[in-house]
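Dear colleague,

Please find below the structure that I am handing over to you. My notes on what was found in it follow directly after.

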Amino acid sequence: MRGSWKEQDTDWKSSLILTIPGQVPVGASITTAYYEHGDQQQLEIFWVDNHGRVTLAWRGLSGNWNPPFPLTLDNFAVPGVPLAVVNYPLNNQLELFTTSSTGILNLLWKAQNGWWSPCPFPLETSSLTPAGSIQLVGTGRLGQLTGTQDPENKPLLNNTLAWGVPGADLGANTVHSDRKLYIFFGDVVRGDRIEGPRQDADLVAWTDATKLGGHEFAGFNFILPHDNTPAQGQNNWRYCIKCQALYFNGHDDTGICAGGGSHEFNPDSYNFELPYEPAAIKGQDNWRFCIKCQGLYFDGYDDKGVCPGGGKHQFHPQSYNFVLPHDETTVQGQSDWRFCSRCHSIFYNGYDDKGVCSAGGSAFRLNPVMGGAYFDPFTVSGAIGMPLTNETPTGAFSYKESVYVFIYINKRDDEHPGGAYIVSKTSPNQPGPFTEEFYFPTSNFWQNAPCVVGNDNHPGLPSSEGDGLIMFGHGYDSNLNADAIHLAWMPLLENSGPQYNGIKYYTADAANLWSDQPTKAAALFGPRPGYTSVSAAWLKEPKQWIPLYSKANEKEAPMGTIVARFGPTPWNLSDEIELFNPCREQAFGKYMHWPWMDSIRQADPPGLNVLENKPGWAYGAFLLERFTRWNLIKGELDLYYLLSLSSPYQVQVMHSRLRLS
């Protein structure tokens, strides 16, 4: 794109180069706007570039032109499509209109010369339905795993400040032989702490939970009268065998269950009779019948919880106000009924299984590896020592009696150049250093997602005997001159673990599928814009490989997505399936920071000035394979994974449900 100009009716000046060749389609529609805010005066130019991105170039009237900046993701619109821009005086907004690649009219805007809106807003509905054999049913955030405050003020899954951890990110993980799930977090900020592990030390924590999605108890231990009780009240209240909450069974419609469908009870179970005001017994009042789900919930808070029927619980003004006896009451009945701090219903807490919570339920309780008053930082014996800022665990696997962790470090000495290393430990739940195994000197595998396999179960690997390690690696690809994801295989020996000398790289050459030369590694898919974590798993029940990675970019595409691919082999994978789209999930302004939209940045731990005036972006998508569930009847896959959002500088627990044909 070139520009020409003239001043005060003088001759036109020679053309000015505004973009590099290939950024603007030939014949593209270009529109401009003159914009004022206070003493700021800007000239702005807009077009849809060759990648389908709405793009902006601008200059202050006395300054130079700034480089083009994309306002949307790739393929949002048809390259060169027309745009219209108008300055709207209310709130001094600049509004841009264009059509998406699906033919839907969309709006982008900024107010008072602040940040542009993170997500184009559709002004009409789409009649298009997703096609293909894999469909996303939905994605939700279960909760925040670390930190001190949830961005939506939901119950925090773990208050990690007690360990000296005001904020963390990432979360490579693996299940060890001791049946514990170990998570290796990266770059723990110190915040206000001046003692203990230094800034950006790494955290190791574990959980022995085997299931996600259960209720989270809090408060009183309620004793509910039932059957032939002398306590007067309303009967026909039943325990639901699917969600484990209490619901009213006196109507033909038995409500909406968080476990799917309607509530159900066992005919041999108790028939509860709940006292209500004016009651002759003492207890906690403000328990109400929800007219949407027909369950019992606590109405004493401004927050009305999460109803499986959608939105918040709701009661009829003329319905009963139930009074529930608890703890030291003389009323006879069944104990272990508890208030769920997430959905605000009452559920039975007497089983190890905590049912199904409509708010997503508790993720898990973390147990940090402690070293005195604070967490014991991830450390490697010898020259590597403690990983520094941006030196983090990138992948982990367990084999026989050891946990192995891939880490990335910068150069320590001549014997320890920068790159990926494998380190190990037999008891990762105990403090103390890991042991260096070997250096992995390949720039195309500086982020690694390892998966242990039995070689005979996966035809096409370099060996059909013993065990092996499949590695999805992200790094530089010389053929693409950009980053991409590659594939490698490493033999595992029962007595000595991973064998560096046996590594083979996938070449995509049918005549010679595997090579011992890392330069022969073919890009499975790419190019990718810069850094991403990668995680992967072999899902045994649906018989599918799945890698996860991010398409977001901190500088150019903070609204980028988390995607997955599926396939019967690790080299034969589907197109990208969007698991997390911050625009679709309406995450910005709710639990993901965007300048001017929220105050999330102010709640970030101190010491993160690098995030000042920057939006959040999604990275560090690490599968939690232990919690993956496959429903053969419905053909549905429940995926749970960790996700970092930059701001809040914390780790989130996410859930996506997919339908596989």
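Isoleucine 346 is buried in this predicted model, because its relative accessible area is 0% (buried means under 20% relative accessible area, exposed over 50%, and partly exposed in between, with a 1.4 Å probe and protein chains only). The residue belongs to strand β23, residues 346-348; strands (E, at least two residues) and helices (H or I, at least four) are DSSP runs numbered from the N terminus. Leaving out residues up to four places away in sequence, isoleucine 346 touches Phe222, Leu224, Ala245, Leu246, Trp287, Leu296, Leu324, Trp337 and Arg338, where contact means heavy atoms within 4.5 Å. Between isoleucine 346 and arginine 198 there are 43 Å in space, C-alpha to C-alpha, and 148 residues in sequence.

On conventions: this is a predicted model, in which local features need pLDDT of at least 70 and side-chain atom pairs count only at pLDDT 80 or more, while totals for chains, interfaces and linings use all residues. Residues are numbered from 1 along each chain as its sequence is written, and side-chain values use heavy atoms, with hydrogens and water left out.

Nonpolar cores

A nonpolar core is here a set of buried Ala, Val, Leu, Ile, Met, Phe, Trp, Tyr and Cys residues joined through side-chain atoms within 4.5 Å. The largest one has 34 residues, and the members that touch the most others are Leu145, Phe185, Phe364 and Leu642. Two or more residues come from each of β12 (167-175), β13 (181-189), β40 (619-623), β42 (636-644) and β43 (651-660). The largest share, 5 residues, is that of β13.

For phenylalanine 185, the contacts beyond four places in sequence are Leu145, Thr146, Ala168, Asp169, Leu170, Gly171, Asp202, Leu203, Ala205, Leu366, Pro393 and Val651.

Cysteines

With a disulfide taken as a pair of cysteine sulfur atoms within 2.5 Å, the count is 1. Cysteine 119 and cysteine 583 form this link, at an S to S distance of 2.1 Å. The link is left-handed, with -85 degrees about the S-S bond. It connects distant parts of the chain, 464 residues apart: cysteine 119 is in the loop between β9 (105-111) and β10 (121-122), and cysteine 583 is in the loop between β39 (577-580) and β40. Cysteine 119 is buried, at 17% relative accessible area, whereas cysteine 583 counts as partly exposed, at 25%.

Cysteine 240 takes part in no disulfide, and the nearest cysteine sulfur, which belongs to cysteine 243, is 3.7 Å away. Cysteine 240 counts as buried because its relative accessibility is 0%. Cysteine 343 is likewise in no disulfide; the sulfur of cysteine 340, the nearest one from a cysteine, is 3.6 Å away. Cysteine 343 is buried, with 2% relative accessible area.

Backbone features

Two cis peptide bonds may interest you. One runs from glutamate 277 to proline 278, with omega near -5 degrees, and proline 278 is in the loop between β18 (272-274) and β19 (284-289). Another joins serine 647 and proline 648, with omega about 10 degrees; proline 648 lies in the loop between β42 and β43.

Positive phi values in residues other than glycine also deserve a note. Arginine 179 has phi near 70 degrees, a positive value in a non-glycine residue. This arginine 179 sits in the loop between β12 and β13 and counts as exposed because its relative accessibility is 64%. Lysine 543 has a positive phi near 60 degrees, lies in the loop between β36 (534-539) and β37 (544-550), and is exposed, at 55% relative accessibility.

Surface patch

Tyr34, Leu43 and Leu61 make up a nonpolar surface patch with about 250 Å² of accessible area together. Patches consist of residues with over 30% relative accessible area and no salt bridge, with like charges joined within 9 Å and nonpolar side chains (Val, Leu, Ile, Met, Phe, Trp, Tyr) within 5 Å. A salt bridge is a side-chain nitrogen of Lys or Arg within 4 Å of a carboxyl oxygen of Asp or Glu. Accessible areas come from the Shrake-Rupley method with a 1.4 Å probe, and for residues only the protein chains shown count as cover. Leucine 61 is in the loop between β5 (54-60) and β6 (69-70), and counts as partly exposed because its relative accessibility is 42%.

With kind regards
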